[in-house]
Amino acid sequence: MKHLLFVIFMSASLFFTACQAPSPENFFGKVVLNTNLIADFAPDRFGKRLEQETVEFADIPASKNAGDEAQKSVDIKIQTVEKALKDINALNVSDDDAKALKEKSIALFEKVLPVYKNEYTAYAKLCDTKGSAEEKQALLQKIQQDYMPGIDKTFDEVYVLGKAYAEKHNLNVNWGN
């Protein structure tokens, strides 16, 4: 009987601990600071990075590529964004400010994820297979024109809400200004 009561008590404790809201620092880290994971999303930055993944040097044998370096880089980015989304979705929040910030952060990650899975994956394949510069440029322009305005807007909204949240909870944040 004592063992059963102990198990019930421990289960209840774990349940209530899991349902508690995270500390302001922990919450802020997951919903605002994790946006740094996608800070290089813009085509001029991420596209250049993917292109550099495929560079080989004739006089340096160690630079010989397997032919999937850019694709691996995109796959890692996709996994990172999916994990961030999972972590943010798992957060329990109760106040309206935190809810708004959580929702906006989720919206941001949900906007970039399909672009990584589609356009950047296609771009990476072109980089790995030494596709034409015109095809690659067309994909980067599509990302810039079709996705960047909405993503930039959502990024800005996350930071506005994040600054207000940090101020409200007296979090010491350096915004790089």
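1. E157 is partly exposed at 23% relative accessibility, whereas K153 is exposed at 51%. For these words, buried is under 20% relative accessible area, exposed is over 50%, and partly exposed is in between, using a 1.4 Å probe and protein chains only.

2. A quick word on the basis of this note: the model is predicted, local features need pLDDT of at least 70, side-chain atom pairs count only at pLDDT 80 or more, and totals for chains, interfaces and linings use all residues. Residues are numbered from 1 along each chain as its sequence is written, and side-chain values use heavy atoms, with hydrogens and water left out.

3. The whole structure holds 11 salt bridges. One of them joins the side chains of D97 and K168, at 2.8 Å from N to O. This pair links distant parts of the chain, as D97 belongs to helix α5 (residues 96-128) and K168 to helix α6 (residues 133-168), 71 residues apart. D97 is partly exposed, with a relative accessible area of 39%, and K168 is also partly exposed, at 45%.

4. Do have a look at E119 and K142 too, whose side chains meet in a salt bridge with an N to O distance of 3.8 Å. Here again distant parts of the chain are linked: E119 is in helix α5 and K142 in helix α6, 23 residues apart. E119 is buried, with a relative accessible area of 9%, while K142 is partly exposed at 31%.

5. There is also a network of salt bridges, which links D40, R49 and K77.

6. Finally, two backbone angles deserve a glance. Most residues other than glycine have a negative phi. K130, which is not a glycine, has a positive phi of about 60°; K130 lies in the loop between α5 and α6 and is exposed, with a relative accessible area of 52%. N170, another residue other than glycine, has a positive phi near 55°. N170 lies in the segment after α6 and counts as exposed at 70% relative accessibility.

Terms used. Salt bridge = Lys/Arg side-chain N within 4 Å of Asp/Glu carboxyl O. Helix = DSSP H or I, 4+ residues; strand = E, 2+ residues; numbered from the N terminus.
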